[in-house]
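Welcome! Please take a moment to look at the sequence and the fold, and then let us walk through them together.

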Amino acid sequence: MAEFDVIIIGAGPGGYVSAIRCAQLGLKTAVVEGRETLGGTCLNVGCIPSKALLHASHMLHEAEENFAKMGLKGKAPSVDWKQMVAYKDDVIGQNTKGVEFLFKKNKITWLKGWGSIPGPGKVKVGDETHGAKHIVIATGSEASSLKGVEVDEKAVVTSTGALELVKVPKTMVVIGAGVIGLELGSVYARLGTEVTVIEFLDQITPGMDGDVQKTFQRILKKQGLEIILGAAVQGADVKRGKATVTYKLRKDDSEATLDADCVLVATGRRPFTEGLGLDKLGVELEKGGQVKTDGHFATNIKGIYAIGDAIAGPMLAHKAEDEGMALAEILAGNAGHVNYNVIPGVIYTTPEVATVGKTEEQLKEEGRAYKVGKFSFMGNGRAKAVFQGEGFVKLLADKETDRILGAHIIGPAAGDLIHEICVGMEFGAAAEDIALTCHAHPTFSEAVREAALACGDGPIHA
Ligand code: FAD
């Protein structure tokens with residue numbers, strides 16, 4: 001039995017980042033991981049592989065749509081799906097091996113296998129039980145199931161199966177118009193699949209700013225995605241490898257069916273804590289199955305903590321990482337804090353969508369006086385040069401103090417542009433602070449400055 005200061009269960013972005021910071025702070029650290037490779041959902045079957053396929057399919061789209069316009073003539077490339085999957089797997093391998101290298105560098109012990117917590121201060125992996133002053137649950141999440149829709153990871157898949165299909169399907173139904181469904185739907189649409197997205201609510205990307213939702217939906221439709229809103233899926237039947245999805249339109253209860261080679265169930269994710277023995281230990285859970293924690297990631301059982309997708313809050317890799325780092329500081333006796341008001345969210349389609357802080361709908365509901373500064377990428381020279389003039393930057397600022405309350409961007413490199421606003425918000429910046437900052441020309445980031453100018457005396461290029 002080995003003794004550690006900290007044992008973390010789960011090597012996703014929450015767990016592995018926390019382990020590295022714990023080790024850097026001088027704590028003897030071990031991580032339990034049941035998967036063959038480190039990096040969790042994010043590196044193995046989430047963020048990284050999906051971005052590799054988004055990149056590859058975007059390149060194809062560029063070749064098909066824009067190369068000839070720039071004088072780059074010749075046949076557009078054809079899709080070698082096996083090679084595309086191999087490229088994606090190579091990207092995964094580079095990243096997971098990178099985490100393994102960091103574990104060795106920081107002298108973190110990888111306890112290979114599935115872990116459970118037989119009692120406070122103890123973690124069991126296989127036949128061995130190890131001791132720890134602190135135990136961290138970082139076991140992440142799994143795809144939610146949907147009544148009447150049985151996943152076989154062949155004809156009916158979760159995001160994990162969608163990253164491993166044997167061939168590009170001719171037709172695909174995506175259930176759920178959230179981030180994962182739209183990203184993977186976009187990949188297949190660009191590869192030539194006829195994609196239909198069915199969403200229960202009356203708009204896509206629930207919770208996002210309404211302006212962004214409308215523009216994003218219009219752009220996706222233009223890109224060939226069929227979107228059916230306000231529809232409740234009743235079930236999916238698979239016969240001879242083909243699926244039939246039945247759905248009911250909520251407005252009139254009328255029923256309809258859709259046939260597809262592949263159905264992607266993308267209706268969200270739920271926390272994964274199975275097999276840990278939390279019941280026996282008496283660890284309290286929230287209604288949704290998340291581990292209940294206080295403001296310092298502590299559960300109701302002394303010495304047991306939880307972070308990442310396994311606890312409440314947005315299921316995002318960077319949120320898990322930030323919690324992992326903050327908790328490591330706390331365990332080392334320092335102060336650790338996550339500012340949940342400034343957690344960006346990004347959708348990596350083309351154009352990208354990025355958001356931080358309050359939406360306009362939230363500010364209205366709060367009754368807060370605000371102003372809007374909006375600037376279209378049509379007024380941005382660089383965006384037009386790369387055929388990405390669609391979309392806008394929308395900045396929301398307090399009407400009195402000019403303090404930035406939120407930002408919503410749909411357009412080129414939105415996922416990177418949003419961080420200028422995040423830093424500003426962390427420093428309590430006013431829109432004027434961004435407007436008075438010199439931005440290099442020609443960059444996409446000038447659109448952020450113009451939106452900030454639009455909160456004051458007005459933008460220049462509109
Ligand atoms: P996870 O990454 O889920 O890791 C938990 C690990 O714990 C797993 O490896 C699991 O095997 C292990 N584990 C569980 N139980 C045990 C046990 N008992 N013993 C040992 N090991 C155990 N987020 C973003 O921010 N950006 C994106 O672009 C993005 N894209 C995504 C795309 C897809 C298709 C999916 C599915 C998710 C995406 N996410 C994205 C979400 C992101 O992957 C998660 O928010 C993030 O991985 C959560 O990190 P975590 O450390 O909490 O858990």
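Where is the place of Gly140? Gly140 sits in the loop between β6 (128-137) and β7 (141-143).

## Before we start

This is a predicted model, in which local features need pLDDT of at least 70, side-chain atom pairs count only at pLDDT 80 or more, and totals for chains, interfaces and linings use all residues. Residues are numbered from 1 along each chain as its sequence is written.

Helices (H or I, at least four residues) and strands (E, at least two) are DSSP runs, numbered from the N terminus.

Gly140 has 27 C-beta neighbours inside 10 Å and so counts as buried. Here, buried means 20 or more other C-beta atoms within 10 Å of a residue's own, exposed means 12 or fewer, and partly exposed lies in between, with C-beta atoms placed from the backbone. Setting aside neighbours within four places in sequence, Gly140 is in contact with Gly10, Gly12, Gly40, Thr41, Phe272, Gly308, Asp309 and Ala310. A contact means that the C-beta atoms of two residues, placed from the backbone, lie within 7 Å.

## Two annotated sets of residues

An unreviewed UniProt entry has a "binding site" annotation that covers Lys51, Gly115, Thr139, Gly140, Ser141, Asp309, Met315, Leu316, Ala317 and His318. These residues are spread over 268 residues of sequence and also in space, up to 29.8 Å between C-alpha atoms. UniProt positions are given in the numbering used here, feature names are shortened, and annotations may be inferred rather than shown by experiment. One of the set, Lys51, is found in helix α3 (residues 47-65). Lys51 counts as partly exposed because it has 16 C-beta neighbours inside 10 Å.

The unreviewed UniProt entry also gives a "binding site" annotation for Gly176, Ala177, Gly178, Val179, Ile180, Gly181, Leu182, Glu183, Glu199 and Gly268. Although spread over 93 residues of sequence, these cluster in space, with a largest C-alpha distance of 14.5 Å. Gly178 lies in the loop between β9 (171-175) and α6 (179-190), and it is buried because it has 21 C-beta neighbours inside 10 Å. Gly181 is in helix α6; with 25 other C-beta atoms within 10 Å, Gly181 is buried. Not counting residues up to four places away in sequence, Gly178 touches Thr205, Pro206, Ala266 and Gly268. Leaving aside neighbours within four places, Gly181 is in contact with Val174, Gly176, Val197, Leu264 and Ala266.

## Helices α1 and α4

How many of the 12 residues of α1 are buried? The number is 11, so α1 is largely enclosed by the rest of the structure. What covers its buried residues includes β1 (3-9), β2 (29-33), α2 (40-45), α4 (81-105), β6 and α9 (317-331). The end C-alpha atoms of α1 (residues 13-24) are 16 Å apart, which agrees with the 16 Å that its 12 residues should span at 1.5 Å a residue. The expected span is 1.5 Å times one less than the number of residues. After α1 comes Gly26, with a positive phi near 95°.

Helix α4 has 25 residues and reaches 36 Å from its first C-alpha to its last, close to the 36 Å expected. Within α4, Lys88, Thr96, Val99 and Phe103 are buried, and their cover includes α1, α2, α3 and β3 (109-112). Just after α4, Lys107 has a positive phi of about 55°.

Strands β4 (residues 115-119) and β5 (residues 122-125) run antiparallel and are joined by three bridges. Two strands pair if DSSP finds at least two bridges between them. Ser116 stands opposite Lys124 in β5. These strands form a hairpin with two residues between them, and Gly121 in the turn has a positive phi of about 80°.

β5 also pairs with β6 in the antiparallel sense, over four bridges. Here Val123 stands opposite His130 in β6. β5 and β6 form a hairpin with two residues between them, and Gly126 in the turn has a positive phi of about 60°.
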